[in-house]
Amino acid sequence: MELDDHAEELASDLGVDKEEVKSDLQNLVEYSVPVDEAKQSLRRKYGDGSSGGGGTPSAKNVADITPEDGSVTVTGTVLTAGKRSIRYQGSDHVIVEGQLADETGRIDYTAWEDFGFEAGDTITAGNAGVREWDGEPELNVGESTALSFESDSLEISDEISYEIGGEAELTDLEAGDRARTLEVAVLECERRTIDGRDGETEILSGVLGDESGRLPFTNWDPVPEIEEGASVRIENAYVQEFRGVPEVNVSEFSGVSALEREIDVGSDATTMDVGEAVRTGGIYDVELVGNALAIRDGSGLIQRCPECYRVIQKGQCRTHGDVDGIDDLRVKAILDDGTGTVTAILDDELTQQVYGGDLEDALEAAREAMDQEVVADEIRENVVGREYRVRGHLSVDEYGANLDAETFEESDDDPAARASAFLEEVDA
Ligand SMILES: [Zn+2]
C-alpha cells in the first residue's frame with residue numbers, strides 16, 4: 001500500500017483532512033518509524049477512541065517501558081543530549097538524541113524538536129511515543145509530548161547514571177553512540193574538500209588518541225582548536241561506522257575547547273587473537289600475530305586507475321573503462337593463527353620491505369621476465385611460511401576480514417626466527 005492509500009484510510013477513519021494526515025505520516029516515516037506504528041500514533045493524535053480511551057498515558061518507570069507501549073509518561077534525568085542536524089523535505093531540522101534515566105534504568109530518546117533540556121536536567125515527558133529500535137524500546141519526544149522540567153532531582157545510583165554528560169574513552173565508543181564527551185589528543189589532521197549536500201565544503205579528518213586507544217574522526221564544521229598536536233575536550237560528538245570501524249563525528253553542535261593537560265596516548269595497540277578480532281566486527285588499531293599462509297592474486301606489481309586509484313585489470317577500470325594505469329606495489333597476504341584468518345594489505349612502502357626492492361626494481365624484473373607475476377612470486381618466496389606481527393586497521397564486511405597494515409614485521413616470538421634475523425644482520 002502506498003503512503004497515499006494509508007493517508008486516505010486514516011483520514012476517512014478519523015474524519016480529518018487527508019493532506020494533513022499525509023504530511024504527518026510522511027514526517028514519521030522519514031524518521032524511520034515503521035508505517036504501522038506511525039498510523040497507530042496518528043490515530044492517537046487525532047483521537048481515535050478505539051485505541052484505548054485517550055487522555056494522558058499512565059506514568060511508567062523506565063525499566064517497565066516495553067516496545068509494546070504505544071506511549072508513556074515518564075520522569076527521568078537527562079544523561080546526554082546531543083543535537084544533530086538532519087535534512088527533511090529540503091530544509092535542515094535539528095533533533096536532539098541521548099539517554100534518559102530514572103532509578104530503574106536508562107532509555108534512549110529522540111526529541112524531534114529542541115525542547116531546551118540539557119544533561120543533568122530532570123524532566124517529565126507526558127505522552128512520549130515508544131518505538132522499537134534494535135529490539136529495545138526508545139522514546140520519541142515530539143509535538144504531541146507535554147514536556148516539563150522538575151525542580152527535584154532523582155536519586156539515581158552511580159551504576160545507572162555514570163554517563164551523565166556522556167564522558168567516554170575512545171575504546172568504549174560504538175557506532176550509534178550520541179552526545180559523547182571526549183578528552184583526546186589530535187594525532188593526525190588534514191583539511192579536505194568534499195562534495196557535501198550543499199556543494200563543495202571543507203572538512204577536517206584524521207586520528208584522535210587517548211589513554212585507551214585511537215580512532216579516526218571527521219570534523220564537519222572545521223574549528224581552529226582541532227589541529228595536529230593539540231589536546232582538546234570535545235562535547236556532543238556522535239559515532240558512526242565508517243569503513244568498518246567506529247568514527248568520531250564532530251559537528252556544528254559539538255563544543256570543542258583546548259585542554260591544558262597533555263593527553264597520554266597509549267602507544268601499544270590491543271593485541272588479540274585473529275578470531276577474537278574478526279568477531280568484534282572491526283577495530284581501528286589492533287595488533288595481530290599470524291602465519292603468512294599465502295599471497296593472494298592482485299599482489300606484487302599492480303596497476304591503478306589514474307581517476308579513482310582502484311586496482312585495474314588488463315588496463316580496464318570497473319568505473320572508468322580503458323585507462324592508462326599507474327604502476328604500484330601492493331601485497332595481500334593471508335594470515336592465520338589457528339583461531340581465524342585475515343587478509344593483511346600492505347601499501348607500497350611495506351611491500352618494498354618484503355620484496356627487497358622498489359618500484360623501479362619491480363618494473364625491471366617484470367620487463368626481463370616479460371611477466372609481472374615474477375614480483376608476486378618473489379614476495380611469496382620471502383613471506384609465505386613465516387610468522388608476522390601486524391598492526392593496523394581491521395575491517396570486516398561481506399568480502400571478508402581485511403587488515404590495513406601500518407606495520408608488518410616478522411614476529412620475534414620464535415627463537416629460530418630471531419636467530420636467523422640476527423644472522424642476516426651479521427651477514428649484512
Ligand atoms: Zn577508475
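Which residue in strand 20 stands opposite Gln 303? The tour reaches the answer below.

This is a predicted model, in which local features need pLDDT of at least 70 and side-chain atom pairs count only at pLDDT 80 or more, while totals for chains, interfaces and linings use all residues. Residues are numbered from 1 along each chain as its sequence is written.

Select residues 3–14, which are helix 1. Helices (H or I, at least four residues) and strands (E, at least two) are DSSP runs, numbered from the N terminus. Helix 1 has 12 residues and spans 16 Å from first C-alpha to last, close to the expected 16 Å (1.5 Å times one less than the number of residues).

Next pick His 6, Ala 7 and Leu 10, which are buried (20 or more other C-beta atoms within 10 Å of the residue's own; 12 or fewer is exposed, in between is partly exposed; C-beta atoms are placed from the backbone). Viewed down the axis of helix 1, the buried residues fall within an arc of 100 degrees, so they line one face (the arc is that of the directions from the helix axis to the C-beta atoms). On the face turned away from them are the exposed residues Asp 4, Asp 5 and Ser 12. Gly 15 follows the helix, with a positive phi near 65 degrees.

Now select strand 20, residues 326–336. Strands pair if DSSP finds at least two bridges between them.

- Strand 16 (residues 300–304) is antiparallel to strand 20, with five bridges; Gln 303 stands opposite Asp 327.
- Strand 15 (residues 282–295) is joined antiparallel to strand 20 by four bridges; Asn 291 partners Asp 336.
- Strand 21 (residues 341–346) runs antiparallel to strand 20, with six bridges; Ile 334 partners Thr 343.

Finish at Gly 338, in the turn of the hairpin formed by strands 20 and 21. Four residues separate the two strands, and Gly 338 has a positive phi of about 90 degrees.
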